[in-house]
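User: I have a structure open and would like to go through it step by step. Can you help me read it?

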Amino acid sequence: MLCLSQWISHSQSYYSTIPTFHHFHDFMDKLVVLLLTLFRAPQYQPLRYLAVGGWNTVFGAFIYAALHYFLNTRVHYLVLVIPATVIALTNAFLCYKYIVFHTRGNGWKEYFKCYLVYGWIALMNT
């Protein structure tokens, strides 16, 4: 039978082997660095494009749903499409610019071109 001091030292050695939040935090840091390193490589551009496209779909739906949830009693649901589209297109532009294509050109000019393409499609869909 263990006395109290032996039990305490035994439990401390046991608990020191269990991963803690610090270990998890280190793991997540390494995982993020690995993913960013892989995602920056040119051969992964199609994967970045698919990931950003999926994110943009989820983000756009979420923005519209959030606007509808908070403003549905005051604003007609079709009017909510306008701010939702502006926010979603801005998000899409920033994600494509900085995550997928890594462009360094004139940001406002690229933003305007993005609206010419995607804004026209959004108008056609409403």
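User: How many residues does the protein chain have, and what share of them count as buried?
Analyst: The protein chain has 126 residues, and 19% of them count as buried. Buried means under 20% relative accessible area, exposed means over 50%, and partly exposed is in between, with a 1.4 Å probe and protein chains only. This is a predicted model: local features need pLDDT of at least 70, side-chain atom pairs count only at pLDDT 80 or more, and totals for chains, interfaces and linings use all residues. Residues are numbered from 1 along each chain as its sequence is written, and side-chain values use heavy atoms, with hydrogens and water left out.

User: What does the secondary structure come to?
Analyst: Five helices and zero strands. From the N terminus on, the elements run α-α-α-α-α. Helices (H or I, at least four residues) and strands (E, at least two) are DSSP runs, numbered from the N terminus.

User: Let's take α4. Which of its residues are buried?
Analyst: In α4, the buried residues are A84, A88, L89, N91, A92, F93, C95, Y96, K97 and V100.

User: And what do they pack against?
Analyst: The buried residues of α4 pack against α3 and α5, the latter being residues 107-125. Contact here means heavy atoms within 4.5 Å.

User: Where is the kink in α4 centred?
Analyst: The kink is centred on C95 and comes to about 25°. The bend at a residue is the angle between axes fitted to the seven residues ending there and the seven starting there.

User: Is N56 buried or exposed?
Analyst: N56 counts as buried because its relative accessibility is 14%.

User: Back to K97, a lysine. Buried or exposed?
Analyst: K97 counts as buried, because its relative accessibility is 7%. K97 lies in helix α4, residues 81-101.

User: Which residues does K97 touch?
Analyst: Not counting residues up to four places away in sequence, K97 touches H102, T103, R104, G105, G107 and E110.

User: What does E110 form with K97?
Analyst: E110 and K97 form a salt bridge, with the closest N and O atoms 2.8 Å apart. E110 lies in helix α5 and K97 in helix α4, so the pair ties together parts that are 13 residues apart in sequence. A salt bridge is a side-chain nitrogen of Lys or Arg within 4 Å of a carboxyl oxygen of Asp or Glu.

User: How many salt bridges does the structure hold?
Analyst: The structure holds one.

User: What comes after α4?
Analyst: H102 follows α4, and H102 lies in the loop between α4 and α5. Phi of H102 is near 55°, a positive value in a residue other than glycine. Most residues other than glycine have a negative phi. H102 counts as partly exposed because its relative accessibility is 23%.

User: New topic. How many aromatic pairs are there?
Analyst: There are eight aromatic pairs. One of them is F93 with Y111, edge-to-face, at 5.1 Å centre to centre and 65° between the planes. That pair links distant parts of the chain, with F93 in helix α4 and Y111 in helix α5, 18 residues apart. Rings of Phe, Tyr and Trp (its six-membered ring) pair if their centres lie within 6.5 Å; planes under 30 degrees apart count as stacked, over 60 as edge-to-face and the rest as tilted.

User: Are F93 and Y111 buried or exposed?
Analyst: Both F93 and Y111 are buried. F93, W108, Y111 and Y115 form one aromatic cluster.

User: Now the surface. Which residues form the nonpolar patch?
Analyst: Y49, F101, F112, L116, V117, Y118, W120, I121, L123 and M124 form the patch, with about 1,100 Å² of accessible area together. Patches are made of residues with over 30% relative accessible area and no salt bridge; like charges are joined within 9 Å, and nonpolar side chains (Val, Leu, Ile, Met, Phe, Trp, Tyr) within 5 Å. Accessible areas come from the Shrake-Rupley method with a 1.4 Å probe; for residues, only the protein chains shown count as cover.

User: Which helix gives the most to the nonpolar patch?
Analyst: α5 gives the most, with eight residues.
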